[in-house]
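The following note was prepared in reply to a colleague's request for comments on the fold.

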Amino acid sequence: MEEKRRGLFVFVGLIIFTLLLAQTPDTSYWECGTPEDSLLGDKDQVGGWRLPEEGIIRVLVVFVQFEDDTIMPNSRYWPLDSMPYLPDWCRLLVYPDTCSYPNIENLSHTSDSANLSQYFYEMSFGRLHIIGDVYPKIVVPPHTMEWYSNSLNDNDKRIEKVNYDVLTYIDTAVVISESGDTLLKGVDFSLYDNWTLGSYEHINEPDGKVDFIIMIYRWLPWPWWSGLAGLPLDTVIVTYDSLPDGTRVKIVGTGM
Ligand SMILES: [Ca+2]
């Protein structure tokens, strides 16, 4: 069962925090809800550490599938034959704006409403909005899983290279719909730079660095976590998009 769960999707994003906490049996974290004595440890400031705990964070979500992916071809959630278009639920993973939430009184928590936006909206009592866009097509990396495995000698380098290949591709790629309409002429990464992020202190102004990208791989063959709270890159990506003052927007991986 665990293997099936791992095999279904590999999430790269904040979701791992939830998984890590779920595996931590120390119940003292939950006593009385006093932040000073719980997860914050010896930190004296209450608030978002790497991201703001309130406000609007606009994220980009990218679904990725390798050409040589053959795992669980008939998956009810992400069947192989959906290529290259996204299964319907993928488009609803985040709402595009803060006006799209369903009436909270009538929530059924079906697949139509139980998305990331709704989750953070409810968990923050309406203070934090995770909204954004889902890249409209499944992205196929330029190389097969076998190529990345054989060409690079450790898992860090493999995922860094795949992320780099995917993100540089969608920066300029033209996306055509099934009916032949042009949906997108390259991602405008400046849309996802709205914050100057610090440590517990965040300013709601762009700083030339993309704030948050969620990469979702249908399957990664290398032994790893099912989710990773970071965006591994081995080099800074300077996108073709600019802020109004001319600053080119960059994608800076975690740990860089
Ligand atoms: Ca930023």
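**Notes on the predicted model**

1. The coordinates come from a predicted model, and the remarks below should be read accordingly.

2. Asp-133 lies in strand E3. Is Asp-133 buried or exposed? Asp-133 counts as buried because 20 C-beta neighbours fall inside 10 Å, and the cut-off for that class is 20 or more. Between Asp-133 and Val-61 the C-alpha to C-alpha distance is 6.2 Å, although 72 residues separate the two in sequence.

3. As to overall composition, the protein chain contains six helices and nine strands. Of its 256 residues, 25% are buried. When contacts in the protein chain between residues at least 6 apart in sequence are considered, 66% of them join residues at least 24 apart.

4. In soluble globular proteins, nonpolar side chains tend to be buried together. In this model the largest nonpolar core has 38 residues, and Val-59, Val-62 and Ile-213 are those with the most contacts inside it. Two or more residues of this core are given by each of strand E2 (55-64), strand E3 (128-134), helix H5 (145-151), helix H6 (155-172), strand E6 (213-217) and strand E9 (248-251). Strand E2 supplies the largest share, seven residues.

5. Which residues does Val-59 touch, leaving aside its neighbours within four places in sequence? Val-59 is in contact with Val-94, Ile-130, Gly-132, Tyr-192, Phe-212, Ile-213 and Ile-214. One of these, Ile-213, is itself listed with Val-59 among the residues with the most contacts inside the core.

6. Helix H4 spans residues 116-123, and its residues Leu-116, Ser-117, Gln-118 and Tyr-121 are buried. Strand E3 is included in what covers the buried residues of H4; this is the strand that holds Asp-133. Just after H4, Phe-125 adopts a positive phi of about 55°.

7. The last point concerns a hairpin. Strand E8 (residues 237-242) and strand E9 run antiparallel and are joined by three bridges. Ser-242 has Arg-248, in E9, as its bridge partner. Five residues lie between the strands of this hairpin, where Gly-246 takes a positive phi near 95°.

Key. Residues numbered from 1 in each chain as written. Predicted model: local features only at pLDDT ≥ 70, side-chain atom pairs only at ≥ 80, totals over all residues. Core = buried A, V, L, I, M, F, W, Y, C linked by C-beta atoms within 7 Å. Buried ≥ 20, exposed ≤ 12 C-beta atoms within 10 Å, placed from the backbone. Helix = DSSP H or I, 4+ residues; strand = E, 2+ residues; numbered from the N terminus. Contact = placed C-beta atoms within 7 Å. Pairing = 2+ DSSP bridges.
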